[in-house]
Amino acid sequence: MNFKNVLFLILGSLFYQITISQEGLPIYSDYLTDNYYLIHPSMAGAANYSKVRLTARQQWFGFQDAPKLLTLSLNGRIGESQSGYGAILYTDKNGYHSQTGAYVTYAHHLMFSRSEADLNMLSFGLSAGFIQYKLDETSFLFDGPDTIIDGIVQSETNFNVDLGFSYNFLDYYAHATIKNLLKNSGINNDIEITSNLRRYLFSVGGVFGKLGSSWSYEPSIMVQYKEGTQEASIDLNGKVYKDMDFGKLWGGISFRNSFDGAKYLDGSGISSQKLKQFTPILGVDYNEYMFAYTYTYQTNSLVFTNGGFHQFTLGYNFNYRKQQFDCRCPAVN
């Protein structure tokens with residue numbers, strides 16, 4: 001591969017990462033570490049306890065200004081009511097681009113069963129938040145003045161909302177969310193500007209296990225679609241849980257496949273490849289604490305680097321309610 005092809009690939013990889021980093025909170029595999037609230041606002045307060053989750057994600061170790069993501073989320077029930085609250089803070093840095101965001105969430109949960117012993121719950125959630133985008137151009141003018149470069153830190157703050165619903169029935173669940181619902185002027189209708197693109201998320205899954213067994217299994221899928229660029233992808237997930245005296249051990253794997261290809265020069269012409277990622281997950285619940293590690297590996301033949309993406313998650317559960325749901329449903333029990 002000659003220098004021109006390498007340069008084309010690197011620029012394409014960087015543009016893809018910038019595109020992700022400027023669409024609000026990125027959609028990675030964080031939700032599989034017992035944090036569906038991170039992508040579905042209707043899950044705020046759905047569990048029988050309150051949750052705090054802190055995640056740190058580092059990409060491309062060994063490269064300066066490589067993408068970094070930090071998120072802090074909190075959600076729980078408002079007293080003994082059927083309403084839930086939530087909040088998310090995050091910062092996402094990718095080279096000269098960075099964004100900081102904050103969301104607050106209100107959710108309401110409708111119980112259709114006569115008691116919480118049998119789970120049959122429909123939930124609605126609404127998140128509203130501000131996102132500040134920054135582009136640091138202070139080091140761009142190393143060759144002198146340029147008419148298209150201001151040489152300053154440019155910033156813009158946008159307001160948007162997410163809307164979603166969840167349905168939990170016994171050991172099964174389904175979620176649907178519209179992220180970046182509002183069409184901010186000059187953003188959603190122009191694919192050249194990648195912030196706040198409207199995105200649709202759909203999740204469905206279930207938990208299975210023999211009666212009396214300490215093992216349980218959870219297959220699930222998550223589909224996302226970006227309206228502005230008409231891009232779609234699917235996550236195929238599988239997790240396994242082992243009940244222990246101190247809590248629970250669990251692990252799994254997620255495979256993300258994009259339905260749309262990215263074009264590149266292969267020396268004889270223009271080819272394309274689709275994003276394919278494998279993400280193994282390991283976690284432990286120790287009393288009211290949770291720890292998880294995920295490692296994302298991109299399997300494409302042409303990538304910016306062969307290094308994987310590391311993510312650590314720390315969690316704390318509190319304010320437990322007396323009645324648990326009678327189901328194998330780790331997201332709410």
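This is a predicted model: local features need pLDDT of at least 70, side-chain atom pairs count only at pLDDT 80 or more; totals for chains, interfaces and linings use all residues.

Guide: Y31, Y36 and Y173 form one aromatic cluster. Across the model, the count of aromatic pairs comes to 13. One of these pairs is made by Y49 and Y320, whose ring centres lie 5.0 Å apart with 35° between the planes, a tilted arrangement. Y49 belongs to the loop between α1 (3-21) and β1 (50-59), while Y320 belongs to the segment after β14 (309-318), so the pair ties together parts that are 271 residues apart in sequence. Y320, by contrast, has a relative accessible area of 43% and is partly exposed.

A further tilted pair joins Y289 and Y316, with ring centres 5.3 Å apart and planes at 45°. Y289 is located in strand β13 (residues 289-298) and Y316 in strand β14, so this pair ties together parts that are 27 residues apart in sequence. Y289 is partly exposed, at a relative accessible area of 45%. Y316 also counts as partly exposed, with 32% relative accessibility.

An aromatic ring may also face a charged side chain. R57 lies over the face of Y28, at 3.8 Å from the ring centre.

A nonpolar surface patch of about 800 Å² is made by L110, F112, F124, F165, Y167, F169, L170, Y172 and F208. Strand β6 (residues 153-169) gives the most to this patch, with 3 residues. F169 is found in strand β6 and is one of the residues that make the patch. The relative accessible area of F169 is 35%, so F169 is partly exposed; patch residues need over 30%.

T177 is found in strand β7 (residues 172-179). With 2% relative accessibility, T177 counts as buried. The side chain of T177 makes a polar contact with the side chain of H40, at 2.7 Å.

Notes
Residues are numbered from 1 along each chain as its sequence is written. Side-chain values use heavy atoms; hydrogens and water are left out. Patches are made of residues with over 30% relative accessible area and no salt bridge: like charges are joined within 9 Å, nonpolar side chains (Val, Leu, Ile, Met, Phe, Trp, Tyr) within 5 Å. Accessible areas come from the Shrake-Rupley method with a 1.4 Å probe; for residues, only the protein chains shown count as cover. A salt bridge is a side-chain nitrogen of Lys or Arg within 4 Å of a carboxyl oxygen of Asp or Glu. Helices (H or I, at least four residues) and strands (E, at least two) are DSSP runs, numbered from the N terminus. Buried means under 20% relative accessible area, exposed over 50%, partly exposed in between (1.4 Å probe, protein chains only). Rings of Phe, Tyr and Trp (its six-membered ring) pair if their centres lie within 6.5 Å; planes under 30 degrees apart count as stacked, over 60 as edge-to-face and the rest as tilted. A charge sits over a ring if NZ of Lys or CZ of Arg is within 6 Å of the ring centre and within 35 degrees of the ring normal. A polar contact is a pair of N or O atoms within 3.5 Å; within protein, one must be able to donate a hydrogen and the other to accept it, and residues adjacent in sequence count only if both atoms are side-chain atoms.
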